[in-house]
Structures are given as structure tokens and as C-alpha cells.
Amino acid sequence: SRLKEGLLKTKSGITDRVDHLLKSYKKIDEDLFEELEEILITSDMGVQTTMEIVEDLKERVRKEKISDPLEVKQLLMDKITEILEELPDSKINIEPSPAIILVVGVNGVGKTTSIGKMAYRFKSEGKKVLLAAGDTFRAAAIDQLKIWGDRVGVDVIRHQEESDPAAVIYDAIQAAKARNTDVLICDTAGRLHNKKNLMNELGKIFKVVDREYENASKEVLLVLDATTGQNAVQQAKTFKEVANISGLILTKLDGTAKGGVIVGISRELNVPVKLIGVGEKMEDLQEFNPQSFVKAIFG
Ligand code: GDP
């Protein structure tokens with residue numbers, strides 16, 4: 001499947017190394033756990049999350065008197081699934097219709113691409129979709145979104161470069177109401193270098209949404225580039241301070257062996273990963289689901 005293919009590098013970065021490790025041990029000892037810890041940390045699972053996983057495995061091995069190293073793999077799969085399932089629901093909340101999705105994130109992470117892919121996905125499901133070019137600070141961002149809109153066959157509400165982003169969102173909401181749109185997906189500017197600006201700008205947009213689209217189902221999705229590891233964690237922390245993030249989109253997972261970042265980042269921030277990007281094509285945005293993820297990388 002596309003999911004499995006898109007996660008091949010992560011499979012080699014985690015599973016192949018874990019398999020190799022477990023096969024090289026005759027019995028389960030402290031060294032084995034230390035090497036396992038190393039694999040999880042280098043896959044961007046996060047130090048905290050790794051410690052928790054390894055402690056839990058040690059405990060189970062002791063309690064259940066497990067002696068075969070090969071059995072540790074199933075324990076690891078169970079624990080990762082458990083961690084991911086403890087998070088708030090990873091299903092994207094666009095029911096009932098109408099729905100509005102605000103997409104935030106810094107430039108270059110794959111925001112525009114993810115919006116285009118989402119538009120394609122929802123349209124394929126028979127929904128009426130509209131896009132809003134709320135990143136008015138870069139003419140290129142507006143153009144790029146329009147290109148995606150044309151490609152997918154959905155309209156894009158846009159103003160001139162440097163116009164007020166909140167005004168674009170306002171217009172887009174009026175258009176969505178007039179056209180009975182099911183899902184309005186809004187791009188926003190992500191200039192992290194100035195947190196106060198970002199906060200003001202997003203704050204204005206949220207106000208418009210709350211006032212003009214009170215009854216809509218809402219999502220605020222933060223897009224993060226999975227290949228950037230700790231940088232992505234830092235971005236997520238900053239955005240979480242300025243916005244009520246309801247879910248994450250992790251992009252470019254096809255380009256990294258460090259897909260453990262899905263586990264680490266959602267755990268550390270207590271925000272679920274809702275969608276993952278596993279390629280550059282329209283179909284390459286997948287719904288995230290803990291079991292399918294664990295199956296794709298370990299199965
Ligand atoms: P933005 O500046 O955040 O809007 O970023 P773009 O949407 O323009 O994406 C930046 C680059 O990342 C483009 O070349 C995209 O094709 C690429 N990209 C986005 N998502 C993915 C993904 O899931 N996998 C891969 N391989 N590339 C991606």
C-alpha cells in the first residue's frame with residue numbers, strides 16, 4: 001500500500017535495526033535495552049518517550065518472565081500502539097458539515113501541498129470544497145494554492161498580496177455559506193520569527209471564524225516537516241503557545257528513516273497526528289491511524 005511504501009525508510013530505520021538487534025542477543029539483558037534505546041532515540045521517538053517505552057518493556061519482561069529476545073518486538077509494537085491510542089481522537093473532525101480547517105505552519109514544511117491533497121481527498125469523498133489563500137505575505141503562496149485548486153478542481157478565494165489575512169478568511173466564509181460548501185480549508189501565514197505578529201495574526205483569524213462561522217465543525221491543523229526532527233518539535237511547541245492546535249499533519253515521511261517522530265511529537269505535545277504526507281502526489285496524504293502505522297512499519 002501507499003502507506004507502507006511511504007514508510008519504507010522508517011521501517012528500515014526502526015524495524016530492520018530492531019530485528020537485527022534482537023537476533024544478535026541470546027538472552028535479554030541490560031545491554032539489549034541500551035541498544036534498543038539508542039535505536040528509538042535515533043528514530044526521533046524523543047528521549048522522554050523512549051525512556052518510557054524501554055522502562056515499560058523491562059517491567060513486562062520481568063513480570064511475564066520473558067527470556068526470548070525475539071519476543072521483545074511484539075512488546076514494543078504493543079507499547080507504541082498503546083501510546084498512540086492514548087492520545088485524543090486522530091480522526092479529522094469535518095462532520096457535521098459545514099466545516100472549516102485552518103492550516104498553520106512555517107514556510108516550506110508542505111502546507112500548500114497538504115491543503116491541495118486534503119482538497120483532493122475530501123472532493124473524492126463527494127464533498128464540496130473551497131480554499132482560502134490566507135497566506136497573503138507571499139505572492140508565491142497565493143499562486144501555488146491557485147495551482148493546486150485548478151489541479152483538484154476547487155475554487156480558491158484570494159486577495160492581493162499583503163492584504164489582510166483575516167479579510168480573506170472573512171470573504172471565504174461568506175462564499176462558503178453562499179455556496180453550501182462542506183469543507184473550507186484556509187491557508188495562513190507562518191512567519192515564526194516574530195511570535196507576537198503570528199499571535200496577533202492568527203488571533204484575528206480565529207475571531208473572524210468564531211464570529212462568522214459559529215456552528216461550523218472546526219480544526220486547526222499544524223503542518224510539520226517530519227524530516228526536521230527536533231526542529232519540528234520546537235515549532236510545534238511555539239505554535240501550541242499561540243493557537244489551539246487540534247491536530248498535526250506530518251509531511252515528507254517518505255523522505256526520512258526517522259518516522260518515530262510521529263510517536264515522540266504527539267506524545268510530547270499531547271496532540272494527535274491526523275494526517276501524514278508520504279509523497280508529492282495528490283494521493284499521498286493518508287489518514288493517520290495507530291494500528292495501520294504500527295503495522296506498516298513492523299508488519
Ligand atoms: P509550504 O511552503 O509549506 O506551502 O510548502 P509546499 O507545500 O510548497 O511544499 C514544499 C515542498 O515539499 C514541495 O516541493 C512539496 O512537493 C514537498 N512536499 C510536501 N509534502 C511532501 C511529502 O509528504 N513528501 C514529499 N516527498 N515531499 C513533500
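What you see is a predicted model, in which local features need pLDDT of at least 70 and side-chain atom pairs count only at pLDDT 80 or more, while totals for chains, interfaces and linings use all residues. Residues are numbered from 1 along each chain as its sequence is written, and side-chain values use heavy atoms, with hydrogens and water left out.

That bridge belongs to the pairing of strand 7 with strand 8 (residues 285-287), which run antiparallel and are joined by three bridges; two strands pair if DSSP finds at least two bridges between them. Strand 7 also pairs with strand 6 (residues 247-251), this time in the parallel sense and again over three bridges, and here Ile 249 has Leu 275 of strand 7 as its bridge partner. Strand 6, helix 12 (residues 261-269) and strand 7 together form a right-handed β-α-β unit, meaning that, with the strands pointing away from the viewer, the path from the first strand over the helix to the second runs clockwise.

How many of the residues of strand 7 (residues 273-277) are buried? Five of five are, buried being under 20% relative accessible area with a 1.4 Å probe, protein chains only.

Now to the pockets, each an open set of points, on a 1 Å grid over the protein atoms alone, where a 1.4 Å probe fits, with protein on both sides within 12 Å along at least five of seven lines; lining residues have an atom within 4 Å of a point. Of its 13 lining residues, Thr 113, Lys 117, Lys 252, Gly 279 and Glu 280 lie nearest the centre, and helix 7 (residues 111-124) gives the largest share of the lining, three residues.

The second largest pocket, of about 150 Å³, has a lining that includes Phe 206, Lys 218 and Asn 244. Strand 1 (99-104), helix 10 (195-212) and strand 5 (217-225) are the elements that give two or more residues to that lining.

Finally, the whole protein chain holds 13 helices and eight strands, and buried residues make up 55% of its 299 residues. Along its principal axes the C-alpha trace spans about 65 × 40 × 30 Å.

Methods
Buried < 20%, exposed > 50% of the residue type's maximum accessible area, 1.4 Å probe, protein only. Helix = DSSP H or I, 4+ residues; strand = E, 2+ residues; numbered from the N terminus. Points joined across faces, edges and corners; volume = space filled by probe spheres on them.
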